[in-house]
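Please read the report below with the model open beside it.

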Amino acid sequence: MVGLRFDLRDTPPEAPALRAELRAFLAEAGRHWSPRVRAYSWMAFDRDFSREVGKRGWIGMTWPATYGGGERSFLERYVTLEEMLAVGAPVGAHWIGDRQSGPLILRLGTEEQRREFIPRIVSGELAFAIGLSEPDSGSDLASLRTRAEKVPGGYRLNGRKVWTTNAHKCDFAITLLRTSPAPDPKLKHQGLTQLLVDLRASGIEIRPILDLAGEEGFNEITFDNVFVPDSLLIGTEGKGWEQATSELAFERSGPERYLSSLPLLTAAMDSLVEEPAAPEAIGRMLARASTLRQMSLSVAGMLQDGEAPAREAALVKDVGNDFEQALPDRIRALYSGPMPEDVAAMQTTMNMVARSYSLRGGTREILRGIIARQLGLR
Amino acid sequence: MGEMRDILLEQVERLLADQSGPETLRAVEAGVWPAALWAEVEALGLPLAMAPEEAGGVALGWDDAVAVWVALGRAGAPVPLAESMAAAAFAAAPGFLALAQPDGTALWGRAAAQVLAGDGRLHRAAFTPGKAQPSNEPWDRAALPGGEATLLAGALVNAAKMAGGLEAVLALSVDYANVRKQFGKPIGQFQAVSQQLSQAAGEVAAAGVAVANAGRAVARRGLAGAAFEIAAAKVITGEAVALVAAVAHQVHAAIGFTQDYHLHFTTRRLWAWRDAFGNERHWAQRIGHAALARGGAQAWPDLAAREDA
């Protein structure tokens, strides 16, 4: 279809054994997760849980053994992610490191950076955030203004980042900063640089921001003359935009782009048996979940083959976000009376959290703009 | 397998491009059997392709057949080849084989040498002519044994045709949005238009994946073993039709609301095909009842296990 390809992929041969291992672990670990924790899914932050996940080799599964990685396939990693998300595991403390920061450091980092950071991401010890948005720069990210000025031995940072998920609980943030002014407003993608910022460095103030559902999920970071040594530059100064956007297929295609609300569906089903509208509605939701899973697996397969399916990933995220975002309201609409208490606890929280699904990682409007370009419009 | 699919697809696509178009579709709606086109597909051995070699076929798999049916759907399915291929997968016989719904209705029943009925057997039957709504395709009725033997195959055939028709409607709409100018520029450059087409593209992609997934499942586990995937494909393609047809007509505006311009041939067929062999509600309820009986705790493991080795 118009240059977009979604060839079917198989789950890897290791999948059944891996699933059995994961389910046994998750059943035990999940005994005390509240409906609210499950409703936050991959934004729920639990370092103890992440360390346990790391201990079992489920972080950095595809990375080289030299740095502690598992050297397993992308599709085995995919199976691990989908099993975690399907039960609403609080994977937030290692999610970003595993998905983006680790791969970025492996690809563009120095040998020293790899040796310092990768093993500690793999063990679940280090939590990463991504510092992108600013008060005046959201979808128009390249207009960002937080400065990193070159000084002897490093950079001096001044400015602000906002909406950085869980940064106040994390150790490091891979941050996109302006190291030189854009030569021209049309060339604003130039002069941007990625730095690894130690969130405990002097001059950093992080103010948590209460989200819609009442959690301190994100925050505002203020940089006041923060010094970052040259050794924490990622890749090449001035190439930050290309570096940051080259990871988008990884960021946008994963199962977290359609599965965020699935735990509500499975939790609600047993109390919907007598509801006349339930079979049809649940059938429609499962049909879509199954289809989105095949689309998402297809993109994972392309990543496995070393391709960069950024446009396919944008499309899967857009269709997936629509599904996962609508799900809490669709479940609610099936009850002719009040929802059971545990279902209500998850549904009401998730319905609020779901507003973020079509915002985080690229808004619906930005994604549809990418798809439109692929279609040959604009 | 891949090579055979490519060869067949190329043959079918070339044939449809050369010998089919709005005039063929208009004639079909007037009840004129597309004899020349049917002779061509028979000459290529397509109707019997899914039959075993000893019955004159090439044992074409359901996954490859689905790809051919998607190509047919892209052209508005001017000949009932998909139905005849699926019927021959049950019981091979010469000539056009119609595929009946459980109620005894069948596309082009009047032109069939034989019809595969709900009992899973071929019959010779006298059909009373009728028309499908709103496609006006010949949709004829006969007194036939009931049963659901053809239901899964017919649902897959129609889902595949829809996946193709949806692609065609999207492509037509994108082309139109790039050509039609208002306020001094192509309307596709307005976000109010392009965002609708992007959303439609998501539905078209989902429909294609759902149908390919169902074809693969049948190839691996047979029709009964792929009931979930077929049901999902019929639900997803039917849902896609609602949105994609709406966007296509909105983008085309008045010209798309006429019979002068050819968008209507495909959108009217899509609206008919989503009702054939069980609509979205029918198939969604089947999935839902089965899942509710299994229980919520089993829903994810069942879904995840579908294609695990």
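Which helix of chain A is included in what covers the buried residues of α1(A)? The cover includes α4 (74–86) of chain A. The model discussed here is predicted.

**The helix**

Helix α1 of chain A runs over residues 15–29 and has 15 residues. From its first C-alpha to its last, α1(A) reaches 20 Å, close to the 21 Å expected at 1.5 Å a residue. The buried residues of α1(A) are A:A15, A:L18 and A:L22. They line one face of the helix, because they fall within an arc of 65° when seen down the axis of α1(A). An α-helix has 3.6 residues a turn, so residues three or four places apart point the same way. On the other side of α1(A), the exposed residues are A:A17, A:A20, A:A24, A:A27 and A:E28.

**The sheet**

Chain B holds an open sheet of three strands with mixed pairing, in the order β1-β3-β4. Each of the edge strands, β1 and β4 of chain B, pairs on one side only. The table gives the residue ranges of the strands.

| Strand | Residues |
|---|---|
| β1(B) | 97–99 |
| β3(B) | 114–116 |
| β4(B) | 122–123 |

How many bridges join β1(B) to β3(B)? There are three, and these two strands run parallel. B:L99 has B:L116 in β3(B) as its bridge partner. Helix α5 of chain B, residues 81–90, packs on the sheet and touches β1 and β3 of chain B. The direction of α5(B) makes about 95° with that of β1(B).

Terms used
Residues are numbered from 1 along each chain as its sequence is written. Chains are lettered from A and ligands numbered from 1 in the order in which they are written. This is a predicted model: local features need pLDDT of at least 70, side-chain atom pairs count only at pLDDT 80 or more; totals for chains, interfaces and linings use all residues. Two strands pair if DSSP finds at least two bridges between them. Helices (H or I, at least four residues) and strands (E, at least two) are DSSP runs, numbered from the N terminus. Two residues are in contact if their C-beta atoms, placed from the backbone, lie within 7 Å. Axes are lines fitted to C-alpha atoms, for helices over the stretch in contact, and angles run from 0 to 180 degrees between N-to-C directions. The expected span of a helix is 1.5 Å times one less than its number of residues. A residue is buried if 20 or more other C-beta atoms lie within 10 Å of its own, exposed if 12 or fewer, and partly exposed in between; C-beta atoms are placed from the backbone. The arc is that of the directions from the helix axis to the C-beta atoms.
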